[in-house]
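Hello,

Here is the model we talked about handing over. My notes follow it.

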Amino acid sequence: MKQKNQFQKIIVIITIFILILVTGLTFGGRENITKFENLLGKVIMPVQKAFIFTSGLAESIFDPIFSIWENQRIIDEVEKENQALRKQLVEMSLDTNEYSELKSLQKVFDFIDYDFNDQLIDAMVISKDPGNWFNMFGIDRGLEDGINKNSVVINGEGLIGIVYEVGDDWAKVISIIDNKSSIGMKIVNPDRDYEGIINGGIDGDLKGYLFDPKAEVFVGDLIITSGKGLYPEGIIIGKIKDICKDSDKLLTDIMVEPIVNFKKMNRVLVLPSINNRKEVE
Amino acid sequence: MKKRYLLILSLFVFLVQITFVQQIRIVGIVPNLILIMIVMSVLIFDDKEGIYLAIIFGLLQDILVSKALGISILIYLIIAILLYSVKDFLLNDYKLSALLGIFFSTIFYHLMFNLICILLRDTTRTIQFIIEITLLETIYNTLIMFVVYGFVFKHIKGYEIR
């Protein structure tokens, strides 16, 4: 009996050790998942779809109830933003650089180059991370649809993240706030053409810096992708939430609040990874 | 029969957790029905059902929606093993045992999770943020356990909880 207990303890310790090892090795996403994982995803996907459809119906019932306070806060913010935008509109109409500003706005509203629009793949969100830490989710498209690891994922609001791991007809997506990899970004303003780098930071925000130490940026400035790295140019990332100018540093640190509500996503668009994208002329 | 019923119910709960529950976040936080199921299984069943559930749930979670393979299995498995090791000191027909079980399991889950994230140099989270999320989820999980444990216990054991 004592020997059996001893044996069980050894088994448990070995199992825990193996799990720690596997966790460390698979953290960061893999280029290819195993056949078993692929098959499991394939089998469960139709059931997930049925569940997500039902939960969509439930959302339409519960959401207005749980979002009363949140909606009021959003309405107040939108009203303030609306006032600021009206003022900005008047100023813009008087601006001599009207054309270049409109070009910049065009980029913001269109998000990405027209050539990329033809390559976008529509996907349905079929599962979400059950916990409260990661903002990872599953989609119903995979390798067979032209999606690869590192394919860029967006929605109508802006940049969501990249494909983390991919099966034949399903994939896991990691949000930009969970990902430590850097995103090349720039400020949306033709007069203040500052570029920098941001990455998944602290407590659901993005943290980064501008290359120009004398950059004139303000809280509320819109940030878009600069086109350097994995992400194509012109996708909205978020708004500057905080600026930290340290005289000892040669860079301007910024905190960015993502524009996308990661908790409320039902459909997304996927852009093939940089290696599989058609060249933009 | 009860084991098969438990397995089907568990798969249903898992799917509900990754789909339906996500749509009804309160203050941005969701309860962890998977953890509740594991704690209940450990307390109610006499065999190692809780450990099997921890492995099944952990594997499904890791494959379908997790950042690393093994992270969820590891945490759920340790929780199930720890609960089994203290099970003899807990009276499973007392509701308080179940409430204490889920309360400490939730806190342990978040401590373990954040410790692994620190070791793997994952994105940083402030202590305040960790406490906020842990506290809210612990409250949700304990409340759900308070409501469902008595019902499930009676259904499986056939007599009322104390």
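First, the conventions. This is a predicted model, in which local features need pLDDT of at least 70 and side-chain atom pairs count only at pLDDT 80 or more, while totals for chains, interfaces and linings use all residues. Residues are numbered from 1 along each chain as its sequence is written, chains are lettered from A and ligands numbered from 1 in the order in which they are written, and side-chain values use heavy atoms, with hydrogens and water left out.

Helix packing in chain B

Helix α2 (residues 33-44) and helix α5 (residues 95-119) of chain B pack at about 135 degrees, and their axes are 10 Å apart. Helices and strands here are DSSP runs (H or I, at least four residues, for helices; E, at least two, for strands), numbered from the N terminus. Axes are lines fitted to C-alpha atoms, for helices over the stretch in contact, and angles run from 0 to 180 degrees between N-to-C directions. The angle of about 135 degrees therefore makes α2(B) oblique to α5(B) (under 35 degrees is roughly parallel, over 145 roughly antiparallel, 65 to 115 roughly perpendicular, and the rest oblique).

On the α2(B) side, L35(B), I36(B), V39(B) and L43(B) meet residues of α5(B) that include G101(B), S105(B) and Y109(B). Contact means heavy atoms within 4.5 Å. The residues of this contact are seven nonpolar, four polar and no charged (Ala, Val, Leu, Ile, Met, Phe, Trp, Tyr, Cys and Pro are nonpolar; Asp, Glu, Lys and Arg are charged; the others, Gly among them, are polar).

α2(B) also packs with α6(B), at about 40 degrees and with the axes 10 Å apart. That pair is oblique, and the crossing is right-handed. Among the residues in the contact are M40(B) and I44(B) of α2(B), and M145(B), F153(B) and K157(B) of α6(B). By class the contact has 14 nonpolar, one polar and one charged residues.

Two residues of chain B

T138(B) lies in helix α6 (residues 127-157). T138(B) is buried, at 4% relative accessibility (buried is under 20% relative accessible area, exposed over 50%, partly exposed in between, with a 1.4 Å probe and protein chains only). The side chain of T138(B) reaches the backbone oxygen of T134(B) at 2.5 Å. Beyond its neighbours within four places in sequence, T138(B) is in contact with F103(B), T106(B) and I107(B).

L111(B), in helix α5, is exposed at 58%. Its C-alpha lies 9.7 Å from that of I131(B), 20 residues away in sequence.

Chain A

Chain A has five helices and 12 strands, and 43% of its 281 residues are buried. Of its contacts with a separation of 6 or more, 62% are between residues 24 or more positions apart.

S127(A), in strand β1 (residues 121-128), is buried at 1% relative accessibility. A polar contact of 3.2 Å joins its side chain to that of Q48(A) (a pair of N or O atoms within 3.5 Å; within protein, one must be able to donate a hydrogen and the other to accept it, and residues adjacent in sequence count only if both atoms are side-chain atoms). S127(A) also has contacts in chain B, including I18(B), L64(B) and V65(B).

N150(A) is not a glycine but has a positive phi of about 75 degrees. N150(A) lies in the loop between β2 (136-139) and β3 (152-154) and is partly exposed, at 24%.

Regards

Note on methods:
Left-handed = near helix turned anticlockwise from the far one by under 90°.
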